[in-house]
Structure formats: structure tokens, C-alpha cells
Amino acid sequence: KPIIVYTPQLERGYTPATRVDDCKPEGPYAHKLPKNSGSYSNMTSLAVAVAASKNIVAYRLYTQLTPQVGTDYLYNMNFNWLTFEDRENLAGCLGGLTYGATTVEMASAYATIENDGEFRKPTCIVEITDAEGNVIVSDRIKSRQVYEMNASRMMTSMLKGVFTGGTASGLGVPGMSCAGETGTTDNNTD
């Protein structure tokens, strides 16, 4: 949700205080729409929606943004297994990608948000030197701006709320600033 819904919408004028309707879907097509894992809050701020992992808010925002725009952010961060269907499917906003994503892809996407929107291709090599200390290989990682800096900073701030009052309340590392996102799979098994 933060990667292809919230941060892109923060670039488009939304703020952590922007309120979105989090009402339970009703009507003849309600069974086809996502549901929240917990309760519904009616009009709620983006900050609260992120902290409480509100599926309905993410879905409403992704409908406005469109899957095409959302998945462009994934392409810009080298997600390798995207399909044409992912560019058309609203389920992507809740992690419903055809082939999923790797742990490295997800970690690099969240690192991009934390790095003020700058994507750097993940690597474990910082530098290789010979026995005399001469640099043989240096870290020449090319980077590119994927998100606007201000949107990334707002998103990071909202992700801290997950630990200070949201779904991971009290689970942060003591003495360390923590930011993150929670979610569940079908039937709340993970």
C-alpha cells in the first residue's frame, strides 16, 4: 500500500491529514470488493489508515490513481515479475500481484521511501580492495529519483505510526526509530 498507493497519492496533493471514507462496502457488488481486517472507521485520515492497515482506504485511493500509474513506480524500482494484468488489476494495491514480489524488491522499495525517494539498486558490495588497499571495485550504484522527497518523508512519518499507535503498536525496537507496515494474507494466516 505505501509503495503504489499512499506515497504516489502524497505526490498528488494528499497529506497525512487527508480524510478518506473507510465505510464497509455495500450493494450488489460488495462481495467483490476488499474488506478491512478489522473495523471500519468512516471518514479517516491517511495517517490513521496506514497505522491501522485499512484496505478500503487503500483501494479507494488506488481506484483514483489507477493500477497503471501505481505499477509504474514498481517498474522504476526494478520489480521483475510484473505482468500486463498487474497494470490492470486493482488487487495490486493490497499486494495482489500475479507473481508477487521478492524480499529484495520489497526491501529496496521501502528503502527508496526512506532514502527521500531515491532508488538505489540493492547490492551487498560496498568496495573491494586488494592486499595493498587499492580499490578494485567501488560502489558505483546508479540511483534515480522515484518519489518526491516531501512525499517520501510524509510516508516515512506515517509508517512510524504503525509502531506508535497502529497494528504493530509496542513491537518496535527499543531505543530505535522504527517504521513499517503490517498486513495479513487470506484467512489471517500470516
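**Exercise 1. Overall architecture and charge**

How far apart are the mean positions of the positive and negative charges of the protein? Work this out, and then describe the fold in outline.

*Solution.* The model is a predicted one, in which local features need pLDDT of at least 70 and side-chain atom pairs count only at pLDDT 80 or more, while totals for chains, interfaces and linings use all residues. Residues are numbered from 1 along each chain as its sequence is written, and side-chain values use heavy atoms, with hydrogens and water left out.

Begin with the charges, counting Lys and Arg as positive and Asp and Glu as negative, without His or the chain ends, and placing each charge at NZ of Lys, CZ of Arg, CG of Asp or CD of Glu. The 16 positive and 20 negative charges then have mean positions 6 Å apart.

Next, list the elements, where helices (H or I, at least four residues) and strands (E, at least two) are DSSP runs numbered from the N terminus. There are 6 helices and 6 strands, and their order from the N terminus is α-β-β-α-α-α-α-β-β-β-β-α.

Finally, take the totals. Along the principal axes, the C-alpha atoms fill a box of roughly 70 × 45 × 35 Å. Of the 190 residues, 36% are buried, where buried means under 20% relative accessible area, exposed over 50%, and partly exposed in between (1.4 Å probe, protein chains only).

**Exercise 2. The buried face of α4**

Determine how the buried residues of helix α4 are arranged, and what covers them.

*Solution.* First, identify the buried residues: in α4, which spans residues 67-76, these are P67, G70, T71, Y73 and L74. Viewed down the helix axis, they fall within an arc of 140 degrees, so they line one face of α4; the arc is that of the directions from the helix axis to the C-beta atoms. Then look for their cover, using contact in the sense of heavy atoms within 4.5 Å: it includes α1 (2-11) and α3 (55-65).

**Exercise 3. Positive phi values**

Locate N78 and D116, and state the phi and the accessibility of each.

*Solution.* Most residues other than glycine have a negative phi. N78, which follows α4, has a positive phi near 65 degrees; this residue lies in the loop between α4 and α5 (103-114) and is partly exposed, with a relative accessible area of 31%. D116 is not a glycine either, and its phi is positive at about 60 degrees. The place of D116 is the loop between α5 and β3 (118-120), and at 25% relative accessibility D116 counts as partly exposed.
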